Amino acid sequence: MRNRLIGSIVVVVAVMAFSPGMLAQTPAGPGAGKAMPDLTGLWEVRINPEGAPTICGEPACRAAAGLAQPRVFTRDAEEPPMLPWAEQQYKALAPGANPDAAPRQALNPSWGGCLPEGPTESMRRRAFELRQFPDVVLLLFDHDHGVRRIYMDGRGHPDHPAPTWMGHSIGKYEGEVLVVDTIGISDKAWIDFQGHPHTDALRVTERFRRLDQKSLEVQTTIDDPKTYQKPWTKTVIHYLRAPDRQIWDQTECEELLQLGTHYSAESKN
């Protein structure tokens, strides 16, 4: 009788140890179980409003083909208030009297030297694939196979991050919005096509929000007290790429050099 009782207790304990209910009580990892908005997709800035295929999206290529510059590449009517050194450096990039003309891209390291782009420059004029996981969000760019990682596991920034082209990004969800905080961006990386300067004090805050099934709003706030008198914000709408199209497998810098439309030709004049 005693042996039967002990055996029954052993069986009950074993069943409880492996039951789904008991397993469900195992502590979950950071972010697990939290509902997150669906932002996944292959997104691109609409270069050609008329809906024509984007075969010549970059300003140098469009200029060579006699096409007008899209609005996303033009200078804003109101510039952010800069500190004197930054304003002087920025004005040195101006190509002339035309405020919508492309700045001197030979000075842009990603164009003049085929170096990587910064996170905000890539976001403003590149097609990218956004993929969400509980612990990380990945942005996969068509330009030179670029990858940007946004950590979602609750970690903070390193105390003294070594500057990199993409910087160090952490994120969280606020309702339907993905909020991303980035520091540690190399001061060699341009933050936009216009060539607005920045320093090692730069902090970028991005808010990703899906407006509808086919459009994604990305609001970017630039905060650099060593460069600007106050933070400033730009907003870009990205559109869902057609299902039959994929991320281009391209090394665009070298391709444009071969076509003779690359800005580095400017440095040879």
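Predicted model: local features only at pLDDT ≥ 70, side-chain atom pairs only at ≥ 80, totals over all residues.

Colleague: Which elements does the protein contain, and what do the strands close into?

Modeller: The protein has 7 helices and 9 strands. The 9 strands close into a barrel in the order 1-2-3-4-5-6-7-8-9, with mixed pairing. Neighbouring strands of this sheet are turned by 30° against each other on average, direction ignored.

Colleague: Why are strand 1 and strand 2 said to pair?

Modeller: Pairing requires at least two bridges between two strands. Strand 1 and strand 2 are joined by 3 bridges and run antiparallel, so they count as paired. Within this pairing, Gly 41 stands opposite Leu 130 in strand 2.

Colleague: What makes strand 1 and strand 9 a pair as well?

Modeller: The cut-off is again at least two bridges. Strand 1 and strand 9 (residues 232-240) have 3 bridges in the antiparallel sense, and they therefore meet it. Val 45 has His 238 in strand 9 as its bridge partner.

Colleague: Why does His 238 count as buried?

Modeller: A residue is buried when its relative accessible area is under 20%. His 238 has a relative accessibility of 1%, and therefore counts as buried. His 238 touches Trp 43, Glu 44 and Val 45, and its other contacts include Met 123, Phe 128 and Leu 216.

Colleague: How do you know that strand 1 is mostly covered?

Modeller: In strand 1 (residues 41-45), 5 of its 5 residues are buried. Gly 41, Trp 43 and Val 45 point one way from the strand, Leu 42 and Glu 44 point the other way, and all are buried. For the protein, buried residues make up 42% of the 269 residues.

Colleague: What makes a group of residues a nonpolar core, and which residues have the most contacts inside the largest one?

Modeller: The members must be buried residues of the nonpolar kinds, joined through side-chain atoms within 4.5 Å. The largest nonpolar core has 16 residues; Met 123, Phe 128, Leu 130, Leu 139, Leu 178, Phe 208 and Leu 216 have the most contacts inside it. Strand 2 (128-132), strand 3 (136-141), strand 6 (177-183) and strand 8 (215-223) each supply at least two residues of this core. Strand 3 gives the most to this core, with 3 residues. Apart from it lies another core, of 11 residues, among them Met 82, Ala 86, Ile 191 and Leu 202.

Colleague: Which residues does Leu 216 touch, not counting residues up to four places away in sequence?

Modeller: Leu 216 touches Leu 39, Trp 43, Phe 128 and Phe 208, together with Arg 209, Arg 210, Val 236, Ile 237 and His 238.

Key:
Residues numbered from 1 in each chain as written. Heavy atoms only, no water. Helix = DSSP H or I, 4+ residues; strand = E, 2+ residues; numbered from the N terminus. Buried < 20%, exposed > 50% of the residue type's maximum accessible area, 1.4 Å probe, protein only. Contact = heavy atoms within 4.5 Å. Axes fitted to C-alpha atoms, helices over the stretch in contact; angles between N-to-C directions.
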